[in-house]
Amino acid sequence: MLNPPATVNLVVLNGLKYIRRCLKTVQEQTYPTLEVNVFDNGSTDGTREIVRREFPQFNLIESAKNLGPWPGQEKAMEFSHGKYIVALSVDVLMEPTAIENAVAVLEKDE
């Protein structure tokens, strides 16, 4: 399949310090068929507002309470449509070709 869809799921709780830089590196990905879900785990520091205002193209999923990192990822999976899913943390910065390169390797071998 040429450029199968991929999904980035970012689970975050009070990520104000890192959210802009993290999502900027996601936004700069060279992979053409990319879906992005941001699962907010009950932030109280303005994280949600930054996502809404500065990254409106990303799907913001809001939780009223902190489910924890992995339950948050499981919840984000419910909104994911990609063949491949990247579970991302807010303090991770990706190179622009990270997803493109990963999908190329994964697609080489069934």
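**Figure 1. Polar contact between the side chains of arginine 48 and aspartate 40.** In this predicted model, the two side chains approach to 2.6 Å in a polar contact. Arginine 48 belongs to helix α2. Because its relative accessibility is 15%, below the 20% limit, arginine 48 counts as buried. Beyond its neighbours within four places in sequence, arginine 48 is in contact with Asp40, Gly42, Ser43, Leu60, Glu62, Ser63 and Ala64.

Figure 2. Four strands are arranged in the order β3-β2-β1-β4, with parallel pairing. From one strand to the next, the twist averages 20°. Helix α3 (residues 69-77) packs on this sheet and touches β1, β2, β3 and β4; the direction of α3 makes about 140° with that of β1. Helix α4 lies across β1, β2 and β4, and runs at about 140° to β4.

**Figure 3. Bridge partners along the paired strands.** Strand β1 is joined to the parallel strand β2 (residues 34-40) by seven bridges, and threonine 7 stands opposite glutamate 35 of β2. Six bridges connect β1 with β4 (residues 84-89), again in parallel; here valine 8 has valine 86 as its bridge partner. Between β2 and β3, which also run parallel, there are four bridges, and valine 38 has leucine 60 of β3 as its bridge partner.

**Figure 4. Strand β1 and the covering of its two faces.** Seven of the seven residues of β1 (residues 6-12) are buried. On one side of the strand, the buried residues are Ala6, Val8, Leu10 and Val12; on the other, they are Thr7, Asn9 and Val11. Together with helix α1 (residues 19-27) and β2, strand β1 makes a right-handed β-α-β unit.

**Figure 5. Leucine 10 in the largest nonpolar core.** This core contains 22 residues, of which Leu10, Ile19, Leu23 and Val38 touch the most other members. At least two residues of the core come from each of β1, α1, β2, α2 (47-54), β4 and α4 (98-108). With residues up to four places away in sequence not counted, leucine 10 touches Ile19, Cys22, Leu23, Asn37, Val38, Phe39, Leu88, Ser89 and Val90.

Note on methods. Residues numbered from 1 in each chain as written. Predicted model: local features only at pLDDT ≥ 70, side-chain atom pairs only at ≥ 80, totals over all residues. Heavy atoms only, no water. Buried < 20%, exposed > 50% of the residue type's maximum accessible area, 1.4 Å probe, protein only. Pairing = 2+ DSSP bridges. Right-handed = clockwise from strand over helix to strand, strands pointing away. Core = buried A, V, L, I, M, F, W, Y, C linked by side-chain atoms within 4.5 Å. Contact = heavy atoms within 4.5 Å. Polar contact = N/O pair within 3.5 Å; in protein donor to acceptor, adjacent residues only side chain to side chain. Axes fitted to C-alpha atoms, helices over the stretch in contact; angles between N-to-C directions.
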